[in-house]
Amino acid sequence: MIPASFEYLRPKTVSEAIGLLQQHGDDAKILSGGQSLIPMMKLRLARPGYLIDINRVPGLSYVKEEGGYLKIGGLTREAELEGSPVVHSKYPIIVDTAHVIADPQVRNLATVGGNLAHGDPANDHPATMLALGAQVVATGPKGERVIPIENFFLSIFSTALQPDEILTEIRIPIPPPRSGGAYFKLERKVGDFATAAVAAQITFDDQGVCQEAGIGLTNVGPTPIKARKAEEFLRGKRLDEANIKQAAQLAAEESEPSADLRGPVEYKKGLVKELAKRALTRARERAGK
Ligand SMILES: Cc1cc2nc3c(=O)[nH]c(=O)nc-3n(C[C@H](O)[C@H](O)[C@H](O)COP(=O)(O)OP(=O)(O)OC[C@H]3O[C@@H](n4cnc5c(N)ncnc54)[C@H](O)[C@@H]3O)c2cc1C
């Protein structure tokens with residue numbers, strides 16, 4: 001339970017941190033909240049030679065609406081997200097999500113950037129960001145580039161971030177009127193990772209027809225999954241019980257769970273179907289308000 005030895009580096013700016021990443025390459029890791037990295041180091045599943053602690057880099061922690069987006073700084077803690085007035089009033093799906101991540105102690109340190117950058121399909125924010133059509137801002141030696149979230153998760157624990165890039169911001173398009181979203185998760189006990197979870201975000205037109213649908217699935221595949229067939233099915237339709245049921249069925253078919261201590265494949269697929277129904281029903285309610 002004791003990590004292998006490493007050098008601890010504490011840059012004061014993003015560019016200094018990027019310089020250190022360039023200098024040490026694959027042997028270096030960014031340290032944010034440490035809530036995934038430190039346990040992995042203790043288990044010797046990760047053995048970085050250099051830890052680049054960005055916690056003292058100013059300007060990476062904020063939640064604000066600007067230029068048509070909700071912007072979340074990469075180093076924003078889960079607890080800050082939960083406490084943000086704009087998130088509470090306009091983005092209940094994010095409150096749902098942050099609230100079921102681990103426990104308050106973990107959420108006081110864990111960051112939204114770390115939750116995405118870790119590339120763990122069991123983490124909760126990825127599905128919600130897929131449902132919301134978010135973008136990830138990666139900052140590297142050549143400046144910033146914007147990665148659509150649907151291109152971000154490559155395989156288990158692997159993302160589109162280059163070794164010399166830092167996730168500095170998450171951008172969520174401000175939802176139009178008549179939008180609503182929800183996140184539903186089943187966990188074995190409070191604080192556990194999901195057995196399965198579903199994020200759903202819906203926008204209606206002024207006739208009450210579904211204009212846009214975003215659906216993301218947690219921990220039912222090697223990466224977080226965007227349920228494209230279910231989304232496509234809902235566009236142009238009313239969200240009555242039959243269509244919600246059909247979309248939930250499609251989402252279950254798109255999931256790729258494996259059997260493990262949390263349950264067999266068929267059980268997890270059934271769970272996706274039920275959680276998708278609940279998430280879509282709550283999203284519909286919230287959009288109607
Ligand atoms: C007991 C426990 C229960 C948990 N339960 C849940 C849960 O239910 N749901 C859930 O979603 N998560 C859960 N987590 C994980 C937790 O939310 C993590 O903290 C989070 O996934 C990673 O954020 P972090 O800031 O701690 O990242 P760190 O642990 O510091 O880093 C994680 C990885 O991401 C990289 N990284 C971090 N920040 C950046 C950045 N800005 N740019 C580039 N790379 C970066 C690091 O190099 C490292 O590889 C749990 C953790 C614990 C300890």
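Where does the ligand sit? The ligand sits in the largest pocket, where "sits" asks that more than half of its atoms lie within 2 Å of the pocket's grid points.

## About the model

This is a predicted model, in which local features need pLDDT of at least 70, side-chain atom pairs count only at pLDDT 80 or more, and totals for chains, interfaces and linings use all residues. Residues are numbered from 1 along each chain as its sequence is written, and side-chain values use heavy atoms, with hydrogens and water left out.

## The largest pocket

Let's start with the space itself. The largest pocket has a volume of about 1200 Å³. A pocket here is an open set of points on a 1 Å grid over the protein atoms alone, where a 1.4 Å probe fits, with protein on both sides within 12 Å along at least five of seven lines; lining residues have an atom within 4 Å of a point. The volume is the space filled by probe spheres set on the points, which are joined across faces, edges and corners.

The lining has 47 residues, and Ser-36, Leu-37, Gly-114, Ala-117 and His-118 lie nearest the centre of the pocket. At least two lining residues come from each of β2 (28-31), α2 (37-42), α7 (112-117), β9 (158-159) and β10 (166-173); helices (H or I, at least four residues) and strands (E, at least two) are DSSP runs, numbered from the N terminus. By residue class, the lining holds 22 nonpolar, 17 polar and eight charged residues, with Ala, Val, Leu, Ile, Met, Phe, Trp, Tyr, Cys and Pro counted as nonpolar, Asp, Glu, Lys and Arg as charged, and the others, Gly among them, as polar.

## Around the ligand

A ligand oxygen is 2.6 Å from a polar backbone atom of Ile-30. A ligand nitrogen lies 2.6 Å from an N or O atom in the side chain of Asp-124, and a nitrogen of the ligand is 2.8 Å from a polar backbone atom of Leu-167.

Terms used: Polar contact = N/O pair within 3.5 Å; in protein donor to acceptor, adjacent residues only side chain to side chain.
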